[in-house]
Amino acid sequence: MDLQTIALHAGYEKDSSRTMAVPIYQTTAYDFGTAEFAASSFNLEQGTDHVYTRVGNPTNAILERRFAEVEGGSACLAVASGMAAIFYSVLNVAESGDNIVVSNQLYGGTITLFNQTLKKLGIEARFFDIHSPEKIESLIDDKTRCIFFEAISNPSIDVPDFDEIIKISNKYNILTVVDNTVATPILFQPLLLGADIVIHSASKYTTGQGTALGGFIVERKDLSHKIKGNRRYPYFNEPELSYNGLVFADSVVSGMLFTFRARMILLRDTGAVISPFNSWLLIQGLETLSLRMREHSKNALLFAEFLESHPKVKKVNYPGLKSNANYKNAQKYFQDGACSGLLSFEIENLEIAKNILDKVTIFSIVANIGDSKSIITHPASTTHQQLKEKELEACGVPAGLIRISCGLENIADLIADMKQALEA
Ligand SMILES: *Cc1c(COP(=O)(O)O)cnc(C)c1O
């Protein structure tokens, strides 16, 4: 079935109320009915949709089943935000003394999480150059727990050589975690190429109109084969004390091993749960995701071509441009070569950049992406402000870089607006 059809129907079976829209189960808790049912629920024998909304909720479950199918995975855990999804995907495999090997081109918040918060927890992030994946091997040791990178990096807009990274991860039996926020499953499904875990900030294209925060962790079908018996992953292969010595790899239904542990340990203990109302908003967003991604991509390509032809623009980063270093990978990996709505461009300096931000009228100055309305950002002074100058350079953010999230407005209006701002 096509993704557009899946995104409209998967995971929802109408009950006797026969509501066309997915119902919002706005409840914290559920009536177990009998003492025995209650006991068996806490013993993980009854599924997770009716214990307590911190670990499961029927509206959240519909969103999770639907998104798992859209990503081509076997199970999904929805959480409160993209950052929670990233944090949990790392904590699900790593602890103090362990390390993770991560791309040097990452969302600013992810870099801060890896360099500051995880460091305080004793987990070391080892950075590799996204353009030289072969260097990953020299960073791996016995304590390496995952390889983390973005399918389209934000804000440098790079597309890595997936096959190469996945080959290395399989050689060393290490999980790959791919942040697919910007590409979305409509353009790219990393799990079908052999990636192990996909995470998302659903707060961007999935919600689509900037109305709800959310995050996803999705696992590949058959991932349990890679985890079971793998010495890198004791959490799954040794008795879990908080569940009477249960061994996850032996007990959990195949196809949901990774997300089940994240839910029943990390979400249970730290509680970054998504609200059922936000899940409902994300379900509405999913219904039109495929249409929107095609339009975002079309607009962004035309906008990038305009910028490339403008004398004041030094460089345009958009993988859909033939001149772009990522063009080959984008054509190889992305559906119809479409490259999403995110692009960035470089002008001479900080002052001109700030002037452009003040002169545009349709673009809003917002620290977000993936909205149906167009957004303009100056990363060096906002989203990446916490990074030192050297870190900024290392993650591809020069002072004159402007990031655009191309929305769904008429493209002629967007180009005219940017033209007058560049020439003002
Ligand atoms: C926004 C974003 C995140 C963080 O997601 P939140 O939902 O804002 O917590 C992570 N990765 C990428 C690529 C993002 O754009």
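Author: Hello! Ala, Val, Leu, Ile, Met, Phe, Trp, Tyr, Cys and Pro count as nonpolar here, Asp, Glu, Lys and Arg as charged, and the others, Gly among them, as polar. The model is predicted, so local features need pLDDT of at least 70 and side-chain atom pairs pLDDT 80 or more, while totals for chains, interfaces and linings use all residues. Numbering starts from 1 along each chain as its sequence is written, and side-chain values use heavy atoms, without hydrogens and water.

Reader: How do the residues of the shell around the ligand divide by type?
Author: There are 14 residues around the ligand, with Gly82, Asp179, Ser201, Ser203 and Lys204 coming nearest; near means a heavy atom within 4 Å. By type, the shell divides into 4 nonpolar, 7 polar and 3 charged.

Reader: Which helix gives the most residues to that shell?
Author: Helices are DSSP runs of H or I with at least four residues, numbered from the N terminus. The one that gives the most to the shell contributes 3 residues and spans residues 82-91, namely helix H4.

Reader: How much of the ligand's accessible area does the protein cover?
Author: Let's start with the polar contacts, pairs of N or O atoms within 3.5 Å. Ligand oxygen atoms lie 2.6 Å from a polar side-chain atom of Ser203, 2.9 Å from a polar backbone atom of Met83 and 3.3 Å from a polar side-chain atom of Asn154. On its own the ligand has 380 Å² of accessible area (Shrake-Rupley method, 1.4 Å probe).

Reader: At which residue does helix H5 bend?
Author: Helix H5 covers residues 108-120, and its 13 residues reach 18 Å from first C-alpha to last, close to the 18 Å expected at 1.5 Å a residue. A bend is the angle between axes fitted to the seven residues ending at a residue and the seven starting there. In H5 this angle is about 30°, at Phe114.

Reader: Is Thr117 buried, partly exposed or exposed?
Author: Buried means under 20% relative accessible area, exposed over 50%, and partly exposed in between. Thr117 sits in helix H5, where Gly108, Thr110, Ile111, Leu113, Phe114 and Leu118 are buried. Because its relative accessibility is 39%, Thr117 counts as partly exposed.

Reader: How far apart are the C-alpha atoms of Glu389 and Arg54?
Author: Glu389 belongs to helix H16, residues 389-394. Its relative accessibility is 64%, so Glu389 counts as exposed. Glu389 and Arg54 are 335 residues apart along the chain, and their C-alpha atoms are separated by 40 Å.

Methods
A polar contact is a pair of N or O atoms within 3.5 Å; within protein, one must be able to donate a hydrogen and the other to accept it, and residues adjacent in sequence count only if both atoms are side-chain atoms. Helices (H or I, at least four residues) and strands (E, at least two) are DSSP runs, numbered from the N terminus. The expected span of a helix is 1.5 Å times one less than its number of residues. Buried means under 20% relative accessible area, exposed over 50%, partly exposed in between (1.4 Å probe, protein chains only).
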